[in-house]
Amino acid sequence: MPKTQSGRLISKILLLTDGSEGCISVAKYGIILSKITGADLKAIYVVNTELLKQLERARIFVKIEEVDYESDLEDDGQDYLQDITELAASKGIHLETELLKGIVHKIAIQKIEEWEADLLIIGELEPGLSRQDISHDELGLLLRKARCSVLVAKEQRGLDELFETLT
Amino acid sequence: MKLSNLIKREAIVVPIQNTEKQLVIEELLEAAAATGQVIDRAKALQALLDRESLGSTGLEKGLAIPHARTNAVDGLVISLGVAPDGIDFQAADGGLSYLFFLLLASDALTSTYVQALALIARLYQQDDFRREMLNATTPQEIIAIIRKAEE
């Protein structure tokens, strides 16, 4: 079996969320895999400021809404990271967290390289407003450009039960 | 996230009966209230009107998305209306508005709210979706069109 420099197939797991559906599934997958493999775990929450800008350009938002919602999403991100830190701690796992802002796939790719992650876990990222937008296909871009393996966590029967039985 | 899972049949108005902007918003709000998620209708209406006062939510190509975040609703509620003859909603392109999505979300649901707005805008860019929605005559038909567009 191929091994990384650390001698383990998976030694650093990066969790990515932008507030899309399935955030908790991403966290549970990560915590379970960290428990099984002993890998370090880090979660980043990316405030999707690109989507807010797209909505403002499409005139769905006025500028003041864009600013307000960016601030609220930052607060949501902090809350989410706090929640999953506690979730991980409940299973004896230490979780490092970071709140970031920008274009989701670009930030994720940058973090994979900086932190030298060897597995990225993501939810089902929503595309941008139109095909012309840089972030139209966040998921596709990540799958193509990430230098590590990528796991797309979906709502899966049995995940919650498995998580609950984890000691 | 799928719009077809978020819109309830009882929250669809086809055709819209009113022609004046505020009355159209009230009619759509009444449809939203049919879901049971509107806790305080007067407060929800005020939130929508306050948002309109910042700039019309009438967009291009006949789409209007009156929206607001307010704790006058429980969760995320969307109503949808079709006005085959068009309504002057002070749209950005100066044209009439034909398809209306009214969207309200409680304060805690910013991410879901933003993504639902993006979802509506994305669907509306499909030519077939726009054409079929404007020709729809029943809530059932509208749900089927949304489902098809989301496949």
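Helices are DSSP runs of H or I with at least four residues, and strands are runs of E with at least two. The exercises below concern chain B of a predicted model.

**Exercise 1.** Determine how many helices and strands chain B has, and state their order.

*Solution.* Step 1: applying the definition gives 6 helices and 5 strands in chain B. Step 2: read from the N terminus, the elements follow the order α-β-α-α-β-β-β-β-α-α-α.

**Exercise 2.** Decide whether the radius of gyration of chain B agrees with that of a compact globule.

*Solution.* Step 1: for 151 residues, a compact globule would have a radius of gyration near 15 Å. Step 2: the value for chain B is 14 Å, so the two agree. Step 3: along the principal axes, the C-alpha atoms of chain B fill a box of roughly 35 × 30 × 25 Å. Step 4: taking buried to mean under 20% relative accessible area, 58% of the 151 residues of chain B are buried. Step 5: of the contacts in chain B between residues at least 6 apart in sequence, 68% join residues at least 24 apart.

**Exercise 3.** Describe the interface between chain B and chain A.

*Solution.* Step 1: the size of an interface is often given as the accessible area lost when the parts come together. Step 2: between chain B and chain A, about 1900 Å² is buried, and carbon and sulfur atoms give 58% of this area. Step 3: in chain B, the residues that lose the most area to chain A are B:Val114, B:Gln115 and B:Arg122, together 27% of what that side buries. Step 4: counted by contacts, 19 residues of chain B meet 23 residues of chain A.

Note on methods:
Residues are numbered from 1 along each chain as its sequence is written. Chains are lettered from A and ligands numbered from 1 in the order in which they are written. This is a predicted model: local features need pLDDT of at least 70, side-chain atom pairs count only at pLDDT 80 or more; totals for chains, interfaces and linings use all residues. Side-chain values use heavy atoms; hydrogens and water are left out. The radius of gyration is taken over C-alpha atoms; the globule rule is 2.2 Å times the number of residues to the power 0.38. Buried means under 20% relative accessible area, exposed over 50%, partly exposed in between (1.4 Å probe, protein chains only). Contact means heavy atoms within 4.5 Å. Buried area is the accessible area (1.4 Å probe) that two parts lose on being put together, summed over both.
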